[in-house]
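My notes follow the structure.

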Amino acid sequence: MKALRKTYSRSHANRGAKLEMLVEMTNNQYRNAWLADIRKVPTPVKILNTEGNKVTGHLDTPTWVDYSGIYEGHSIIFDAKETKVKRFPLKNISPHQYQLLKSWNKHGAIAFLLVAFWLEGKNEPEIYVLRFEQLEAAYENQNAGRGSKSISLDFFRDNCEPAKSRNGIPVDYLAALNLDQSKKLVQK
């Protein structure tokens, strides 16, 4: 008797892959220029069984955000999120991710979300830096039943800095954060 395989959406399995690739390219350029050292945090995998070269496992519950690192002596921690609609659903942030960003922010780290809007008819996404303070206001209001369950693209356009491609840097989020030293890389 054949075992039934669980079906899944390949697009769901690869969600975030485009933005992740752009951020990885950006982080490599930051490292190569000795500007910052920011790395992707591996997704935890729980290994269930090993037989020779065959390993069986599943994704474990993530306990971290996508990226962490250091810039000019300051910790940086952020998560990268994508959406194909003109709103960013707050349910895309798990409670553990929010709490981690909150904790690091309270301890002085630069904490934020990098949010990409992949809109129909556009070849490139609109990417914005949502600072933790902005996220906190929306997230806490939503949890208290006072606010929307999502943040509109118009809010991002009016209140957040775009992380644009600059001088060959695919997603220059350090410049979008208005951190002094990021301008040095753009000027080179």
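These entries go from the whole chain to single residues.

**Ground rules.** I am working with a predicted model, where local features need pLDDT of at least 70 and side-chain atom pairs count only at pLDDT 80 or more, while totals for chains, interfaces and linings use all residues. Residues are numbered from 1 along each chain as its sequence is written, and side-chain values use heavy atoms, with hydrogens and water left out.

**Whole chain.** I looked up the secondary structure and found seven helices and 10 strands in the protein chain. These are DSSP runs numbered from the N terminus (helices: H or I, at least four residues; strands: E, at least two). The chain has 188 residues, and 40% of them count as buried. Buried means under 20% relative accessible area, exposed over 50%, and partly exposed in between (1.4 Å probe, protein chains only). The accessible surface is about 12000 Å², with 50% of it belonging to carbon and sulfur atoms. Areas come from the Shrake-Rupley method with a 1.4 Å probe; for residues, only the protein chains shown count as cover. I then checked contacts, meaning heavy atoms within 4.5 Å. Of those between residues at least 6 apart in sequence, 65% join residues at least 24 apart.

**Aromatic pairs.** I searched the whole structure and got 13 aromatic pairs. Rings of Phe, Tyr and Trp (its six-membered ring) pair if their centres lie within 6.5 Å; planes under 30 degrees apart are stacked, over 60 edge-to-face, the rest tilted. Trp64 and Trp104 are edge-to-face, because their ring centres are 5.5 Å apart and their planes stand at 90°. Trp64 is in the loop between E3 and strand E4 (67-71) and Trp104 is in helix H3 (residues 95-106), so this pair ties together parts 40 residues apart in sequence. Both are partly exposed: Trp64 has a relative accessible area of 29%, and Trp104 has 26%.

Next I took Phe155 and Phe156. Their ring centres are 6.3 Å apart and their planes are at 90°, so this pair is edge-to-face. Phe155 is partly exposed at 28%, whereas Phe156 is buried at 0%. I also noted one aromatic cluster, formed by Tyr30, Tyr67, Phe78, Phe112 and Tyr173.

**Charges over rings.** Here NZ of Lys or CZ of Arg must be within 6 Å of the ring centre and within 35 degrees of the ring normal. Lys18 lies over the face of Trp118, 4.7 Å from the ring centre. Lys40 has its charged end over the ring of Tyr67, 5.5 Å from the centre.

**Glu24.** What does Glu24 touch, beyond residues up to four places away in sequence? I found Lys40 and Tyr67. Glu24 is in helix H2 (residues 17-32) and is partly exposed at 23%. Its C-alpha lies 9.0 Å from that of Ile38, 14 residues apart along the chain.

**Leu90.** Is Leu90 buried or exposed? It is buried, at 1% relative accessibility. Leu90 sits in the loop between strand E6 (87-89) and H3. Leaving aside neighbours within four places in sequence, its contacts include Leu135, Ala138, Tyr139 and Ile151. Leu90 and Leu135 are 45 residues apart in sequence and 8.9 Å apart, C-alpha to C-alpha.
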